[in-house]
Amino acid sequence: KPGNWAKVRRWHREADAFHAEHGRYPRVFAASLADIFDNEIDEAWRADFWELVKSTPKLQWLIVTKRIGNVVKMTPPDWGEGYPNVVLIMTVVNQDEADRDVCKLLATPAATRGLSIEPMLGPIDLECLRCS
């Protein structure tokens, strides 16, 4: 919603004061009730979203997805190795998902990557993964 994006721009304007008080820049949990890498997302909205991310470099964007296989084709042409203010996080809930997708996450260009394991539906062993 435009009102939410106006808040993001305000947070960016106030980011230096936030940094002075907390020792880090603000974090934005992007589209917390959606997945920007969903095939159903309007491409125009996604382009506007990436412009917002690029225009707010003092914010750290946490982008969580269950669709890691879509990331490369849905990031902007200038994504390169990832924007420095974006943390790409993939959600897994069990060993089967970890086996299927963690290597995809590691192969996806990103400045910073992470895992969200929730809800954890069983033990997950990352040491057994063999990514090439």
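## Pockets and a helix

The largest pocket is lined by 16 residues, and nearest its centre lie Asn4, Trp5, Phe29, Ala30 and Ala31. Keep in mind that this is a predicted model, where local features need pLDDT of at least 70 and side-chain atom pairs count only at pLDDT 80 or more, while totals for chains, interfaces and linings use all residues. Residues are numbered from 1 along each chain as its sequence is written, and side-chain values use heavy atoms, leaving out hydrogens and water.

How do you find a pocket? Rolling a probe the size of a water molecule over the atoms shows where empty space is left. Here a pocket is an open set of points on a 1 Å grid where a 1.4 Å probe fits, with protein on both sides within 12 Å along at least five of seven lines, and lining residues have an atom within 4 Å of a point.

Three elements, α1 (2-13), β1 (27-29) and α3, each supply at least two residues of the largest pocket's lining. The top contributor is α1, with five residues. For the second largest pocket, β2 (60-65) and β3 (86-92) each bring at least two lining residues, and β2 gives the most, with three. Of the 15 residues lining that second pocket, Phe29, Ser32, Val64, Thr65 and Thr91 are the closest to its centre.

| Pocket | Volume | Lining residues by type |
|---|---|---|
| Largest pocket | about 330 Å³ | 12 nonpolar, two polar, two charged |
| Second largest pocket | about 190 Å³ | seven nonpolar, four polar, four charged |

In that table, Ala, Val, Leu, Ile, Met, Phe, Trp, Tyr, Cys and Pro count as nonpolar, Asp, Glu, Lys and Arg as charged, and the others, Gly among them, as polar.

Which residues of α3 are buried? They are Arg46, Phe49, Trp50, Leu52 and Val53, where buried means under 20% relative accessible area. These residues cover an arc of only 155° around the axis, so they sit on the same side of α3. At the N-terminal end, aspartate 42 caps α3, with a side-chain oxygen 3.0 Å from the backbone nitrogen of alanine 44.

Key: Buried means under 20% relative accessible area, exposed over 50%, partly exposed in between (1.4 Å probe, protein chains only). Helices (H or I, at least four residues) and strands (E, at least two) are DSSP runs, numbered from the N terminus. The arc is that of the directions from the helix axis to the C-beta atoms. A polar contact is a pair of N or O atoms within 3.5 Å; within protein, one must be able to donate a hydrogen and the other to accept it, and residues adjacent in sequence count only if both atoms are side-chain atoms. Grid points are joined across faces, edges and corners, and a volume is the space filled by probe spheres set on the points.
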